[in-house]
Amino acid sequence: MGLISMEVNGQTVDVPEGSTIMDAARKLGIFVPHFCYHKKLSIAANCRMCLVDVEKAPKPLPACATPVSTGMKVMTHSARAVDAQKSVMEFLLINHPLDCPICDQGGECQLQDLAVGYGSSQSVYSEEKRVVSNKNLGSLISTEMTRCIHCTRCVRFGEEVAGLRELGVIGRGEHAEITTFLSRAVSSEISGNVIDLCPVGALTSKPFRYSNRTWELSRRRSFSPHDSLGSNLIVQVKLKKVCRVLPLENEKINQCWISDRDRFSYLGIGADRLQMPRIKSDDEWKTISWDEAFDQLSLVLSLYCPDDMAGWAHPSSTLEELYLFQKLLRSLGVKNVESRLNYGDYRKSFKESSAPYLGMTISELLSAPNVFIIGSFIRHEQPLLAAGLRVNVRNSLTTVHRLHVTKEDWLMPLGIDIIVSPDEISLALVSILSFIVRDKGCDFPTELQNLFDKTDSRYDSVARKMLDTSSLSIVLGSYIDSHPDSALIHCLVSHIARYLGATFGLFGEGANYVGAYVSGAISHSSPLLKNHRLLMLLNVEPNEDFTEKSGFGRYFDKAEYVVCFSPFESAGVSANLHLPIASAYETDGTYINMEGVWNSFYAAAQPSGEVKPAWKILRQLGYRLCGDGFSYASCTEIRQEVMDLWNSKGGEMSNDLLQTSSFTDFFKFPVDSNGLKCIAYRHAYRIDSVVRRSDPLQKSPMMWTNVTARVSPQTAQRFSMTNSSLFRFRQGDYYFEAKIYVDCGVLDDTVLIEDIGLSSLYETVYVEENLCS
């Protein structure tokens, strides 16, 4: 693409063909007033605030929509340009209410700022101002639609980035207004970004409403504690309390967006907090001091042999917490330390000197011409990656393909779209690999020789398309981790990627799943849910963090003593000793994102009461039991020790499996025509303890539209099910109740279970009873 030379305010600048005057001005650092323009959205040119004076043009032109031409001369601050901008500002203020003192946007309002420079002290408009009724957009976004200036940023964001056309303009002229379709609330997982986009106070944060002024808040940089993207955040704090979370722009990671999960989860920090250590005695909780807690824990740890103990840590814990947790337990001889909470196949293991990751940078994934995603509920697992891919698909820069177990709407057109039942994923991949091997005349991988003839010709056309696809990136979603054939699927996809010359990676579950491997909080073998008599739980809620809740529950119930490290009182209800720890925003720490980048941060707020950061508790306990090996002065020292250990053993980011034996057959799923095949997944707003306690997220439209059990119309007819009806189900000897939603995206004879206690991730589910009849 060639360059065009032009002048802006007498300064010469070269910009690519197709650029606008706004692009040229921004390149020179010249500010042009605007409202509707946003660098990540399409051009609307409907606010007219960016009118500029162009030589030989009969009238001022909008800088955001006027393409540059060779030799063009533009004046952004000439008398004609400024006069036009002031006229537009007067027009915009005709109906705008004078309520700046009570507006939440005050202090960061684009209209307020520009009115100072381009507004008049009085208006010639004396007619009555119009009033627009507010809209109910749900529990996250508050509206004052009389303030709206119809920039349509929110409308374009929904259509172009979120993929949901939920907001639109109705009426004309003075009667135009922004509204939702059929008065519904917005249900996107990234809907909160319209709050940042709105240049006035029409759309504001409902939880933040009338609580604080922006100039009263101090700011801290942090990173997303909920998924492994590593979104950059600004945490705003007042009086040591988190008051708001905003995006910190990073073009290579989250651009200028954040998910609603990152934006509103902070509201769960203050709920259900435990302020002091407590111990259970005769089924009654008793508050104790920290010295008493350490004495009790030291005593308990001395009573059990290492083989009778196990430690479970949440993969969203910080690197320092994970490292000290496993170091303490391994110093005591404990081998069972694990952070893979929902693994379906512990044959999938990696070398101790390697950690699985995305296999490429996030920018490389989003810019790849072809992306093949296997087994991912991507809108729940990685909402911002879904948004980035959606934008590039819309702009014809990327084609997204998928192999999945449900026709979940990804809100973007797809290329190859294969929907299979869970027991056919391995068959589909073996068939594709076999076709590719035969086409290229290569030898079938040794460890897969027993599967060479177990193919299905239905997938030959898919393999052919993949062979014809250039620059392919293949990613395994978190659902594959919970699949009982996860190791085989990983092995098959790695070979497919190798033969096609594709990049290969995975998403993983938790903000720090890469850090869990680097820190050593992985058993590198099956943890075997045997009869451990003492359990140590770090940021883990047994009744919530395991999709197989009832399966883990039986294991948990066999323990004689349970020690819980958690910020929340209800998390330790079944424990014997509960130690309150700081939440993610209240501690220093490090997350390693899916790229393998180490993101360190400082505590943004301070916990109340006698709450301590987990790393300090583990440090003190380790020093008591093991001596000087735990004498750290700060998180920085712990992080440096982890880094030195990782480098000393040649640590690397690698998705290569530690293959110990050949695969002889596919996993044999239970087959019973009287029941339903089971698919279980984690909802975006149930992923960890903080998110689960954020009341606005739990009341958000995305939670309303997602229900417990989804079935196809054929299955619903077979069992006489209707939308919102309540049914009792059975899996093995475990019974549970679920509300029904009939979904055309679910395969026949299959039930999609959303985050509910199960005895197994794959055993047949039987319909027992209609509780509404």
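The C-alpha centres of domain 2 and domain 3 lie 25 Å apart. Residues are numbered from 1 along each chain as its sequence is written. Because the model is predicted, local features need pLDDT of at least 70 and side-chain atom pairs count only at pLDDT 80 or more, while totals for chains, interfaces and linings use all residues; side-chain values use heavy atoms, without hydrogens and water.

**Domains**

- The chain is divided into domain 1 (1-94), domain 2 (214-268), domain 3 (278-352 + 513-653), domain 4 (357-506) and domain 5 (675-770), with bounds from an automatic or database domain assignment.

**Helices H8 and H19**

- Helix H8 (residues 319-331) packs against helix H19 (residues 635-648) at an angle of about 70 degrees, and their axes are 10 Å apart.
- H8 is therefore roughly perpendicular to H19 (65 to 115 degrees counts as roughly perpendicular).
- From H8, Leu319, Glu320, Tyr323, Leu324 and Lys327 meet Cys635, Ile638, Arg639, Glu641, Val642 and Leu645 of H19.
- By class, this contact of H8 with H19 has 7 nonpolar, no polar and 4 charged residues.

**Largest pocket**

- The largest pocket has a volume of about 880 Å³; a pocket is an open set of points on a 1 Å grid with protein on both sides within 12 Å along at least five of seven lines.
- Its lining consists of 33 residues, where a lining residue has an atom within 4 Å of a point.
- His38, Gln110, Arg153, Asp196 and Leu197 lie nearest the centre of the largest pocket.
- Elements giving two or more residues to this lining include helix H3 (110-118), helix H5 (193-197) and strand E12 (241-247), and E12 gives the most, with 4 residues.
- The lining of the largest pocket has 16 nonpolar, 6 polar and 11 charged residues.
- At least three residues of this lining come from each of domain 1 and domain 2.

**Cavities**

- The structure holds 10 cavities of 30 Å³ or more; a cavity is a set of grid points where a 1.4 Å probe fits but cannot get out.
- The largest cavity has a volume of about 250 Å³.
- Of the 22 residues lining the largest cavity, Glu381, Ser478, Glu509, Arg682 and Ile687 lie nearest its centre.
- Helix H10 (378-381), helix H14 (478-481) and strand E29 (677-681) each supply at least two residues of the lining of the largest cavity.
- By class, the lining of the largest cavity has 7 nonpolar, 10 polar and 5 charged residues.

Conventions
Grid points are joined across faces, edges and corners, and a volume is the space filled by probe spheres set on the points. Ala, Val, Leu, Ile, Met, Phe, Trp, Tyr, Cys and Pro count as nonpolar, Asp, Glu, Lys and Arg as charged, and the others, Gly among them, as polar. Axes are lines fitted to C-alpha atoms, for helices over the stretch in contact, and angles run from 0 to 180 degrees between N-to-C directions. Angles under 35 degrees count as roughly parallel, over 145 as roughly antiparallel, 65 to 115 as roughly perpendicular and the rest as oblique. Contact means heavy atoms within 4.5 Å.
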